[in-house]
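Reader: Hi! Could you walk me through a sheet in this model?
Author: Happy to, here it is.
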Amino acid sequence: MAEVPALRRAVAILRALAGSNRPITAGAMARSLSIPRSSIYEILSVLEELGLVAKTGGGYMLGAGVSELGSAYVRANPLQRLSAPIIRQLAEATRGTAQLAVLRGWETVYVLKEQSVESVAVITATGVRMPAYLTATGRAIMSALPKRDVLALLSGEDVFVSRTGAGPTSMRQLLSQLAETRQQGFALERGEITPGVCTVAAPVFDVLDRPVAGVGVSIPDAEQSDARVSEVRDRVKAAADTITSRLR
C-alpha cells in the first residue's frame, strides 16, 4: 500500500474534528494524533484554504466544504438517499432524535441524524463513531449477523470499554444481549452512551437479507414509560421495514 503521510495526517485531522462537538486547538490535535505541531499547522492551513476546516476563536472545526462532500455522498449512496426522508419523518413522529447507523469494523458510525424540536441532545452527530456493542443501532445490526461474524468483528478487542459504567463487559454478556434482541426484533439501550437517554433500534436489510444498517430513536429518561417505549419501538421497526423494502 502506498504511503502518503501528509494525506493520512489530513484525514486523521478531519476525522478528529468530525468526532468532536466543539472546536479543537492545533496543539490538542498534535498531542492526540501524535503529529508534529509544525505539520499540523501546515496541513490545517491547506485544509482551511480548501474550505474543509474553519478557524474559530476556540480552535478549528469542520468547514462548509465537508458538508458539500457529504451531501454529494448522500446523493450517490442509495442507503442514505432512500433513508433520509424516512429518518426525518421518524424524528417528527416520535418527537425524538432519529439516527441511521452502519457498522465499520467494531464501531457504529452514524450516517444520518434528524432531531425534532422536542428531542433530547445526544452524541450521535453524523460521522461520530461509538463502540457498536454499546449502541442500540450497533446491537440491532449485530443481532442479525451470524455468531462467527460478531466474533470476527470484535476479535481485536481485548477489553469492552464503558462510557457510563453500563453495558456488556464480556463477549458472553454481549451474545446474551444479542440473542434477546434477535428474539424481540429490536434493541434497547439505556444510558450506555448518554446518561438519562434511552435508544430503541431495529435493523435494516438489503436485497440479500444482510443487515446493512440500524435505525434508532433516542428519548429522555423522563419519557421512558412502557407505553412510550412501545410507541417508539413500533415506529422504529416500521421505519426500518420501509427502508428495507425500498432497498429491495
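Author: One term to begin with: buried means under 20% relative accessible area, exposed over 50%, and partly exposed in between (1.4 Å probe, protein chains only). This is a predicted model, where local features need pLDDT of at least 70, side-chain atom pairs count only at pLDDT 80 or more, and totals for chains, interfaces and linings use all residues. Residues are numbered from 1 along each chain as its sequence is written, and side-chain values use heavy atoms, leaving out hydrogens and water.
Reader: Thanks! What is the order of the strands in the open sheet?
Author: The six strands run β5-β4-β3-β8-β7-β6, with antiparallel pairing. Strands are DSSP runs (E, at least two residues), numbered from the N terminus, and two of them pair if DSSP finds at least two bridges between them.
Reader: Which are the edge strands?
Author: β5 (129-131) and β6 (187-190), each pairing on one side only.
Reader: How many bridges join β6 to β7?
Author: Four, and the two strands run antiparallel. Ala187 sits opposite Ala201 in β7, and Leu188 faces Val200 there.
Reader: Which side chains of β6 are buried?
Author: Ala187 and Glu189, which point to one face.
Reader: New topic: what about the hairpin of β6 and β7?
Author: Six residues lie between the strands, and Gly191 takes a positive phi near 70 degrees.
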